[in-house]
Amino acid sequence: MIKLNNKGMTAIEVLVTFVLIAIVVVGLYDGIVALKEKETISSAQLSIDTYKNLITKDLQDDFIKKGLVSAKISSLTGGDKGYLVNFVFKDNSRKTLKVIQQFGCTATDLEEAQDICLNRGIGINDSDKFSINYGPDGNLVEYPLPDLGHEVIPGLGGGADHTVYSLKINEVNISSKDRVFSLHITLSHPDLGSDYSINIVTPLNYP
């Protein structure tokens, strides 16, 4: 007859058990972190999709229902950088689109600021400022970009702290050539892996 070991667990058995538990715990932790990161990315993507769909719908509703006669494109004045488009519709109503695209300075010292900020026409203590505004003249509705992460950078040269955001209006292309109005706005985020675009094309003064 085989006799059972009644002396309890040996040191090796305790060590092996501890190692196995540690492996299981680490595996569970990595899985939870990966799931959390996936959830964060999905939430950010949903925010961007909702944002661009809302703006696209508001513009397209007017273009389709009212009919776009003309679109006058110009640069913003008065301090903000970006673009201004004045629309005239077939019912003689007018609306304005304002796209603010102002990059802040990401430099953390004065030497770096010369290369990546001043040489690009960005003040060393400028903050990011991105938004799309649309509506009747004098009553524009502002659509600020969703805040999907930001960094406050200490002021350089005795200036004030400034903020740069992860989600940016990276590219803006607006045209009214050949009796066709086209709007292309690219939104980019360093952690999402791909750009998101607002694309609208409509004929001008279509019969």
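Guide: Welcome! Accessible areas here come from the Shrake-Rupley method with a 1.4 Å probe, and for residues only the protein chains shown count as cover. By that method the chain exposes about 13100 Å², with carbon and sulfur atoms supplying 57% of it. This is a predicted model, in which local features need pLDDT of at least 70 and side-chain atom pairs count only at pLDDT 80 or more, while totals for chains, interfaces and linings use all residues. Residues are numbered from 1 along each chain as its sequence is written, and side-chain values use heavy atoms, with hydrogens and water left out.

Visitor: How many helices and strands does the chain have?

Guide: The chain has two helices and 10 strands. Both kinds are DSSP runs numbered from the N terminus: helices are H or I with at least four residues, strands are E with at least two. From the N terminus on, the order is α-β-β-β-α-β-β-β-β-β-β-β.

Visitor: What makes Thr-163 part of a strand?

Guide: Thr-163 lies in β7, which covers residues 162-165. A strand needs an E run of at least two residues, so β7 qualifies.

Visitor: Why is Leu-187 called buried?

Guide: Buried means under 20% relative accessible area, exposed means over 50%, and partly exposed is in between (1.4 Å probe, protein chains only). Leu-187 has a relative accessible area of 1%, so it is buried. This residue lies in strand β9. Buried residues make up 30% of the 207 residues in the chain.

Visitor: And why does Thr-163 count as buried?

Guide: Thr-163 has 17% relative accessibility, which is under the limit, so it counts as buried too.

Visitor: Which residues does Leu-187 contact, beyond its sequence neighbours?

Guide: Contact means heavy atoms within 4.5 Å. Leaving aside neighbours within four places in sequence, the contacts of Leu-187 include Ile-48, Tyr-51, Leu-145 and Ile-169. Thr-163, not counting residues up to four places away, touches Ser-127, Asp-128, His-150, Glu-151 and Val-152. Across the chain, among contacts between residues at least 6 apart in sequence, 49% join residues at least 24 apart.

Visitor: What makes a group of residues a nonpolar core?

Guide: A nonpolar core is a set of buried Ala, Val, Leu, Ile, Met, Phe, Trp, Tyr and Cys residues joined through side-chain atoms within 4.5 Å. The largest one here has 31 residues, and those with the most contacts inside it are Phe-87, Ile-132, Ile-169, Phe-181, Ile-185 and Leu-187. Helix α1 (11-66) gives two or more residues to this core, as do β1, β2, β3, β4, β8, β9 and β10. The most come from α1, with six residues. In soluble globular proteins, nonpolar side chains tend to be buried together.

Visitor: How do you know that β9 and β10 pair?

Guide: Two strands pair if DSSP finds at least two bridges between them. Strand β9 (residues 180-188) and β10 have eight bridges, so they pair, and the sense is antiparallel. His-184, for example, has Asn-199 in β10 as its bridge partner. These strands belong to an open antiparallel sheet of three, in the order β8-β9-β10. The edge strands are β8 (168-175) and β10 (196-203), each pairing on one side only.

Visitor: Why is the link between Lys-95 and Asp-62 called a salt bridge?

Guide: A salt bridge is a side-chain nitrogen of Lys or Arg within 4 Å of a carboxyl oxygen of Asp or Glu. Lys-95 is in strand β3 and Asp-62 in helix α1, 33 residues apart. The structure holds four salt bridges.

Visitor: What makes Asp-80 and Lys-129 partly exposed?

Guide: Asp-80 has a relative accessible area of 22% and Lys-129 has 36%. Both values fall between 20% and 50%, so both residues are partly exposed. These two form a salt bridge as well, with the closest N and O atoms 3.0 Å apart.

Visitor: And why are Lys-168 and Asp-128 called buried?

Guide: Lys-168 has 19% relative accessibility, so it counts as buried. Asp-128, with a relative accessible area of 7%, is buried too. Their side chains meet in a salt bridge at 2.5 Å, N to O.
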